[in-house]
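Please look over the sequence and the model shown here, and keep both at hand while reading the report.

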Amino acid sequence: MTSIVFMGTPQFSVPILTGLVENGYAVKAVVTQPDRPVGRKRVLTASPVKQAAIKFNIPVFQPEKISGSDEMERIINLKPDLIITAAFGQFLPEKLLAAAKVAAINVHGSLLPKYRGGAPVQYAIMNGDAETGISIMDMVKAMDAGDVIAQSSIPIEADDDTASMFKKLSGLGRKMLLATIPKLIDGTATRTPQDPKQVVFSPTIKRSEERLDFNQPARLVDAKVRALRPDPSAFTTIKGKRTKVWQTTPRSETTDLAPGCVVAKTKKQLVVAAGDSTTLQLDVIQPAGKPKQQIKDYLNGAGQSIQVGEQIISND
């Protein structure tokens, strides 16, 4: 029976781990990030992968840093056929990669070599890409630079956000992994080196990048709202107050007003100007210290005084 050490952390990884177990692979251990405080009450919470591993009675290792840890030596001593990672969140040292008797592979949420790094799904949505996908690749010392063993694309729909794409990609990754493992075991898997000229990086989103820029066309402002939903979420300032923006809709109308100015206002709608003369409808927002609001509720409250033509959003 093929033995596996699986490494992953968020919900994206769970269907992939579950697929391995349900298809009879011997998952000898699961490695995941340590429990973290979650929510306003900072409750110490196990990762989704740890919760799944406990359900399957699989031993769980949670080193703060895998390199040089006691857990790394325990994994090496397990002598697994495969080491499989899926959104694990740490680099693996070469000594650990070499411990896999057949291969050490990664299920990555991108169409490599585009979007190496920790936020490939978010960047694909944010940049307005028409598609993203899954790449199964060999793990090497350099970040996401290994040969690609399998790759498949999936469209990004106009209403997709990071949450919905993670769900779609997780299912695709599970399906592709289960089709790839037998080829790795019998030696028929083929490998394609990545073209270094086509490499694009997708580093972890910084807090400074969460602010919306209404000088961009409306479709890109909307894309960033969806890319950062549900976490960490995008924000702007409306009439000087920091406001999270949860849902928007690009409109077909154009305008001569400056970005951030109110193009149209009714009891239920608020449309503002964006870059390139485009317009964007604000649907769900969250002023600082307030719960999420449908825009009609905001307009019936703090937004009552807003006037058409007024600049309510500053990009400074």
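The model is predicted, so local features need pLDDT of at least 70 and side-chain atom pairs count only at pLDDT 80 or more, while totals for chains, interfaces and linings use all residues. Residues are numbered from 1 along each chain as its sequence is written, and side-chain values use heavy atoms, with hydrogens and water left out.

**Helix H6**

Helices (H or I, at least four residues) and strands (E, at least two) are DSSP runs, numbered from the N terminus. Helix H6 (residues 162–186) has 25 residues and spans 36 Å from its first C-alpha to its last, close to the expected 36 Å, where the expected span is 1.5 Å times one less than the number of residues. At its start, a side-chain oxygen of Asp 161 comes to within 3.2 Å of the backbone nitrogen of Ala 163, and just after H6, Gly 187 takes a positive phi of about 80°. Among the buried residues of H6 are Met 165, Leu 169, Leu 172, Met 176 and Leu 184; buried means under 20% relative accessible area, exposed over 50%, and partly exposed in between (1.4 Å probe, protein chains only).

**The largest pocket**

The lining of the largest pocket counts 49 residues, of which Pro 10, Ala 87, Phe 88, Gly 89 and Gly 118 lie nearest its centre. On a 1 Å grid over the protein atoms alone, a pocket is an open set of points where a 1.4 Å probe fits, with protein on both sides within 12 Å along at least five of seven lines, and lining residues have an atom within 4 Å of a point. H6 supplies the largest share of this lining, four residues.

**Thr 248**

Thr 248 lies in strand S13 (residues 241–251) and is buried, with a relative accessible area of 7%. Leaving aside neighbours within four places in sequence, the residues in contact with Thr 248 include Asp 222, Val 225 and Leu 280, contact meaning heavy atoms within 4.5 Å.

**Backbone features**

Notes. Polar contact = N/O pair within 3.5 Å; in protein donor to acceptor, adjacent residues only side chain to side chain.
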